[in-house]
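Please brief me on the structure shown here.

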Amino acid sequence: GLWRDRGDVASLNLLYGAGGEKHQPAGKFTFVKEDKKGSSPKFEVVDEQGVRWKVKLGIEVKSETAASRLVWAAGYFTDEDYYLPELRVEKMPTLSRGREFVSADGVVRGVRLKRRVKGQKKTGNWSWFKNPFTGTKELNGLRVMMALINNWDLKEINNAIYSEAGEGPRYVVSDLGASFGETGNTITRSKS
């Protein structure tokens with residue numbers, strides 16, 4: 001699906017979002033590998049419970065986390081994103097991108113962590129123009145949400161289809177980092 005009724009929006013916990021308080025990042029984190037795709041510096045870590053996280057650095061981290069909370073509260077499926085002002089990472093190497101965010105002792109400043117949900121598998125990407133929801137109020141509502149948060153990076157590669165055992169496919173805008181920028185100049189679009 002694309003959308004789920006969240007019930008009373010006032011009762012939702014927007015501090016923790018889709019993953020809730022129980023899934024928030026905690027404990028020790030160990031470096032796994034650097035991800036050199038995309039425009040933002042990223043790498044993967046694993047925590048003490050064996051949960052893998054994608055760590056993003058740079059200008060998008062706060063805006064992406066905030067945007068995911070609003071999109072989730074409106075009923076849409078989102079990634080489980082969390083923002084931390086600091087993250088200590090064991091075995092942290094020198095990164096090819098984002099070195100300015102990492103201190104010599106493995107403390108990384110200003111990070112967005114995306115939790116990898118066990119059993120969830122990315123099965124593809126979806127298009128804003130050809131999808132099973134064309135013409136529905138749910139898709140139109142998602143378009144309105146993208147306008148409200150000023151997400152201008154609406155490429156197919158930023159939309160994921162996830163599958164989980166026992167559930168139908170979930171259609172997600174999986175990269176909300178290009179949100180909350182200044183409006184007006186379409187040539188040099190801003191973020192955060």
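This is a predicted model: local features need pLDDT of at least 70, side-chain atom pairs count only at pLDDT 80 or more; totals for chains, interfaces and linings use all residues.

Strand β5 pairs with both β3 and β4. The largest pocket has a volume of about 1200 Å³, and the largest cavity holds about 30 Å³.

**Strands around β5**

- Strand β5 spans residues 107–115 and is mostly covered, with 8 of its 9 residues buried.
- Strand β3 (residues 52–57) runs antiparallel to β5, and 5 bridges join the two.
- Within that pairing, K54 has K114 of β5 as its bridge partner.
- Strand β4 (residues 81–90) is also antiparallel to β5, joined to it by 7 bridges.
- Here R88 is bridged to V107 of β5.
- In a regular strand, side chains alternate between the two faces of the sheet.

- An antiparallel pairing over 5 bridges links β6 and β7.
- Q120 has E164 of β7 as its bridge partner.
- Strands β7 and β8 also run antiparallel, with 4 bridges between them.
- N159 stands opposite V173 in β8.
- β7 and β8 form a hairpin with 5 residues between them.
- G166 sits in the turn of that hairpin and has a positive phi of about 85°.

**Aromatic pairs**

- The structure holds 5 aromatic pairs.
- One of them is F31 with F43, a tilted pair at 5.6 Å centre to centre, with 35° between the planes.
- F31 lies in strand β1 (residues 29–35) and F43 in strand β2 (residues 42–47), so this pair ties together parts 12 residues apart in sequence.
- F31 and F43 are both buried.
- The ring centres of W126 and W128 are 5.0 Å apart and the planes are at 55°, so this pair is tilted too.
- W126 and W128 are each buried.
- W126 and W128 belong to one aromatic cluster together with F133 and Y171.

**Charges over rings**

- R6 lies over the face of F77, at 5.9 Å from the ring centre.
- R69 places its charged end over the ring of Y82, 5.5 Å from the centre of that ring.

**The largest pocket**

- What is the volume of the largest pocket? It is about 1200 Å³.
- The pocket is lined by 41 residues, and the closest to its centre are D79, K114, K122, Y162 and S174.
- Two or more lining residues come from each of β2, β3, α1 (60–73), β5, β6 (120–125), β7 (159–164) and β8 (170–173).
- The lining divides into 25 charged, 8 polar and 8 nonpolar residues.
- K114, one of the residues closest to the pocket centre, is also the β5 partner of K54.

**The cavity**

- How many cavities of 30 Å³ or more does the structure hold? There is 1.
- The space in the largest cavity is about 30 Å³.
- Its lining consists of E64, S68, T78, D79, D81, V173, S174 and L176.
- By class, that lining has 3 charged, 3 polar and 2 nonpolar residues.
- D79 and S174 line this cavity, and both are among the residues closest to the centre of the largest pocket.
- V173 lines the cavity and stands opposite N159 in the β7 and β8 pairing.

Methods
Residues are numbered from 1 along each chain as its sequence is written. Side-chain values use heavy atoms; hydrogens and water are left out. Buried means under 20% relative accessible area, exposed over 50%, partly exposed in between (1.4 Å probe, protein chains only). Two strands pair if DSSP finds at least two bridges between them. Rings of Phe, Tyr and Trp (its six-membered ring) pair if their centres lie within 6.5 Å; planes under 30 degrees apart count as stacked, over 60 as edge-to-face and the rest as tilted. A charge sits over a ring if NZ of Lys or CZ of Arg is within 6 Å of the ring centre and within 35 degrees of the ring normal. On a 1 Å grid over the protein atoms alone, a cavity is a set of points where a 1.4 Å probe fits but cannot get out, and a pocket is an open set with protein on both sides within 12 Å along at least five of seven lines; lining residues have an atom within 4 Å of a point. Grid points are joined across faces, edges and corners, and a volume is the space filled by probe spheres set on the points. Ala, Val, Leu, Ile, Met, Phe, Trp, Tyr, Cys and Pro count as nonpolar, Asp, Glu, Lys and Arg as charged, and the others, Gly among them, as polar.
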